[in-house]
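Dear colleague,

Please find below the sequence and the structure that I am handing over to you. My notes on them follow directly after.

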Amino acid sequence: TPNMELEEQLSALCSSLPNSDVIGTIDTLLKLFQNVIDHPLEEQYRRVRMANKTFNEKVWQYPEAQQFLLLSGWVEAGEFVVYIEDNASNLQNVLDSMKSCKSQFLPSSVPVVPQTVVTNSQDTDTNKEERLKKLREDQKRIQEEKKRISAQIKSDRHETNQREARISQARVMTFGSNIKKFEDIGIDLNKQVYI
């Protein structure tokens, strides 16, 4: 059966890789399969470039990993490896198998002792009040700044509307073979342009 072949190939993959590489390889494969499950209709999650550095270093360089991918529904298409199957339940079975394989290579878990932090409830209330006060001050300052900017914008618009529109007309004045002098309102009259 296909599931038996996958299980056997996964076992071969886990046993053939160096222990230091198994977790990285399985994590990358898990990510590939999980992306297909989470985004079944998006093509970008159903393909991976073989030249992708991470994919190549952690998965594609190992023939056992290549065989595992091909058995689980991925195919080589040009420079990509593409998942063409539509059966997501099969993927979930593969994911579960990979997770169990990965757990064999994880170091035994060390129980974590929760640390209890003793705090004074009055102290936390004071801190909360101080933060609220600071937030209110910040909001008030922001509102004042918005009002100031709005008033400045209105003032600038009013000033712009009050200006008299002037038409600029440049006159070319020739002062020799290569020197031209332009005369205009707002332009430095002593500036000479060499052409």
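With a relative accessibility of 0%, leucine 95 counts as buried (buried means under 20% relative accessible area, exposed over 50%, and partly exposed in between, with a 1.4 Å probe and protein chains only). Please note that this is a predicted model, in which local features need pLDDT of at least 70 and side-chain atom pairs count only at pLDDT 80 or more, while totals for chains, interfaces and linings use all residues. Residues are numbered from 1 along each chain as its sequence is written, and side-chain values use heavy atoms, with hydrogens and water left out.

Leucine 95 belongs to helix 5 (helices are DSSP runs of H or I with at least four residues, strands are runs of E with at least two, and both are numbered from the N terminus). Residues up to four places away in sequence aside, leucine 95 touches Leu30, Phe33, Gln34 and Ile37 (contact means heavy atoms within 4.5 Å). Leucine 95 and phenylalanine 33 are 62 residues apart along the chain, yet their C-alpha atoms are separated by 6.9 Å.

**Overall organisation**

The protein has 6 helices and 6 strands, and along the sequence they follow the pattern α-α-β-α-α-β-β-α-α-β-β-β. Of its 195 residues, 22% count as buried. Among contacts with a separation of 6 or more, 56% come from residues 24 or more positions apart.

**Helix 3 and helix 4**

The axes of helix 3 (residues 53-60) and helix 4 (residues 63-71) come within 8 Å and cross at roughly 100° (axes are lines fitted to C-alpha atoms, for helices over the stretch in contact, and angles run from 0 to 180 degrees between N-to-C directions). The two helices, helix 3 and helix 4, are therefore roughly perpendicular to each other (65 to 115 degrees; under 35 counts as roughly parallel, over 145 as roughly antiparallel, and the rest as oblique). Helix 3 contributes Phe55, Val59 and Trp60 to the contact, and helix 4 contributes Ala65, Gln66 and Leu69. These residues divide into 5 nonpolar, 1 polar and no charged (Ala, Val, Leu, Ile, Met, Phe, Trp, Tyr, Cys and Pro count as nonpolar, Asp, Glu, Lys and Arg as charged, and the others, Gly among them, as polar).

Threonine 28, in helix 2 (residues 19-38), is in contact with Lys58 and Val59, leaving aside its neighbours within four places in sequence. Threonine 28 counts as buried at 14% relative accessibility.

**Aromatic residues**

A search of the whole structure finds 4 aromatic pairs (rings of Phe, Tyr and Trp, the last by its six-membered ring, pair if their centres lie within 6.5 Å; planes under 30 degrees apart count as stacked, over 60 as edge-to-face and the rest as tilted). Phenylalanine 55 and tryptophan 60 form a stacked pair, at 5.7 Å centre to centre and 25° between the planes. Phenylalanine 55 is buried, with a relative accessible area of 2%, and tryptophan 60 is buried, with 9%. One aromatic cluster is formed by Phe33, Phe68, Trp74 and Tyr83.

Arginine 47 lies over the face of phenylalanine 80, at 4.5 Å from the ring centre (a charge sits over a ring if NZ of Lys or CZ of Arg is within 6 Å of the ring centre and within 35 degrees of the ring normal).

**An exposed loop residue**

Aspartate 86 lies in the loop between strand 3 (80-83) and helix 5 (88-105), and counts as exposed at 75% relative accessibility. Aspartate 86 and isoleucine 37 are 49 residues apart in sequence and 10.0 Å apart in space, C-alpha to C-alpha.

With kind regards
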